Amino acid sequence: MAEDSDLERTEPASAKRLQTARDDGNIPRSRELSTFAVTMTGVALLMTLGGKLGSSLMAMMKQLLMFDQHTVAQAEPAIIRFKEAMFGMLWQLMPIFGGLAIVAVATPILIGGWNFTLAPLEPKLTKLNPASGIKRIFSLNSATEGLKAILKSMLIGGVAVWIIWRERTDILGLLTMPLEAGILKMTDMLITTFFIVTAAMLMLVVIDVPFQLWNYHKQLRMTKEEIKQEYKEMEGSPEVKGRIRQLQREAARKRMMQEIPKANVIVTNPTHYAVALKYEEGMQAPQIVAMGTLKLAEKIIATGKEHKVTVMRSPSFARALYFHGELGREIPARLYTAAAQILAYVYQLKAYEYNGGLAPVYPDQLDVPADLDPESKRQQDAAPKARP
């Protein structure tokens, strides 16, 4: 398919794709860097600890190969001595083994960082696909690894031959030296040779590390279609997001309608706006429990009447509450006076209905600041223009 072509993969890998690759155990690695670091560490440890280590091992070998009459006559003391010598040798070599193990674990972290996952151990049938195996054999990565192996062999072999040819006189001179001195001289020559050969591998590391990083990000590149699909999966498609918003609005509206029976009064426009207010003892100010326009306003009013909530017509107060109030919050402080007039009337009306007496006076003139009512503000702004 075209979307699988490398020519179509022009976009760098996204953060999600990189994280998915890490979760699958796919991270950049350089074998040349690990080989160089481990080998150079081993040579450095031998150069540092070689003298002391050689003396200790030689002393152990002498002790191991010295037998008395008691040891020769019985096998058990010889076996015990052999075990002690072996454990002693391992203990002497422990600093070298420990240093190599630390470097072997720490070096790959320099490129790909620390990553622990069991995903590569999971059985996958795709690994048994012959076509995939043949594709990997003839891939660019396999060709690169083969070329690196050839260059490594030529480099190491060439450097080794050059050192041997350069030191040929000293090598032949080992035949005429005493045994102990010859062994020390040969050991020194071998360590020096290993150091030079390992240092030559640094050229491969300098080439391999940038190549592995480039190849890793190249393999994870994405097509524009994959970028779009991933964005949809992360952000959600417009249809799904719209449906979620619709469900959220319906849930919020349902909760709002359930609060209307608890309201003390519903202030209306009377048809365009409707705001339900609730006030209980202990509240600092009345709270808006429901608000809406047009069809929703009609539903709020009908629900209020069904539950015998007082409905009052006050256009300016209703508009001010709707535009400057928030659902579930207390009304603005500048509307406290108007709210107090409304609630006083509601309480007086309730008392009149239960106890009779004088009917309360309907509050026609509420103390609503003109700048909080859009209609009043619009009329005030238009008034100077109407003058001749």
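Glu-32 is buried in this predicted model, with a relative accessible area of 5%. The residue belongs to helix α2, which spans residues 31-65. The chain as a whole has 388 residues, of which 29% count as buried, and its secondary structure consists of 16 helices and four strands.

- Beyond its neighbours within four places in sequence, Glu-32 makes contact with Lys-148, Lys-152, Leu-204, Val-205 and Asp-208.
- The relative accessible area of Glu-32 is 5%, and the residue is therefore classed as buried, the limit being under 20%.
- Glu-32 and Val-206 are 174 residues apart along the chain, yet their C-alpha atoms are separated by 9.2 Å.
- Gln-212 is located in helix α10 and counts as buried at 10% relative accessibility.
- When residues up to four places away in sequence are not counted, Gln-212 touches Arg-29, Ser-30, Glu-145 and Lys-148.
- For the chain overall, 74% of the contacts with a separation of 6 or more are between residues 24 or more positions apart.

**Packing of helices α9 and α10**

- Helix α9 covers residues 179-200 and helix α10 covers residues 202-219.
- The two helices pack at an angle of about 25 degrees, and their axes are 4 Å apart.
- Because angles under 35 degrees count as roughly parallel, α9 is roughly parallel to α10.
- On the α9 side, Thr-198, Ala-199 and Ala-200 take part in the meeting of the two helices.
- Their counterparts in α10 are Leu-202, Met-203 and Leu-204.

**Salt bridges**

- The structure contains three salt bridges.
- Arg-166 and Glu-167 are joined through their side chains, with an N to O distance of 3.1 Å.
- Within this pair, Arg-166 is exposed at a relative accessible area of 53%, whereas Glu-167 is partly exposed at 22%.
- Lys-262 pairs with Glu-259, and the closest N and O atoms of this salt bridge are 3.5 Å apart.
- Both partners are partly exposed: Lys-262 has 48% relative accessibility, and Glu-259 has a relative accessible area of 25%.
- Arg-329 and Glu-326 form a further salt bridge, with an N to O distance of 3.9 Å.
- That distance qualifies because the criterion is a nitrogen within 4 Å of a carboxyl oxygen.
- Glu-326 is partly exposed, with a relative accessible area of 48%.

**Surface and nonpolar patch**

- The chain exposes about 26,200 Å², and carbon and sulfur atoms supply 62% of this area.
- A nonpolar patch on the surface is formed by Phe-87, Leu-90, Trp-91, Met-94 and Phe-97.
- Together, these residues have about 620 Å² of accessible area.
- Phe-97 lies in helix α4, which runs over residues 75-106.
- At 43% relative accessibility, Phe-97 counts as partly exposed.

**Backbone geometry**

- Most residues other than glycine have a negative phi.
- Leu-294 has a positive phi, near 50 degrees, and is not a glycine.
- Leu-294 is placed in helix α13, which comprises residues 294-306, and counts as exposed at 51% relative accessibility.
- Lys-308, likewise not a glycine, has a positive phi of about 60 degrees.
- Lys-308 is found in the loop between α13 and β4, the latter being residues 310-313.
- With 68% relative accessibility, Lys-308 counts as exposed.

Notes:
Residues numbered from 1 in each chain as written. Predicted model: local features only at pLDDT ≥ 70, side-chain atom pairs only at ≥ 80, totals over all residues. Heavy atoms only, no water. Buried < 20%, exposed > 50% of the residue type's maximum accessible area, 1.4 Å probe, protein only. Patch = residues over 30% accessible without salt bridge, like charges linked within 9 Å, V, L, I, M, F, W, Y side chains within 5 Å. Areas by Shrake-Rupley, 256 points an atom, 1.4 Å probe, with all protein chains shown as cover. Contact = heavy atoms within 4.5 Å. Axes fitted to C-alpha atoms, helices over the stretch in contact; angles between N-to-C directions. Parallel < 35°, antiparallel > 145°, perpendicular 65-115°, else oblique.
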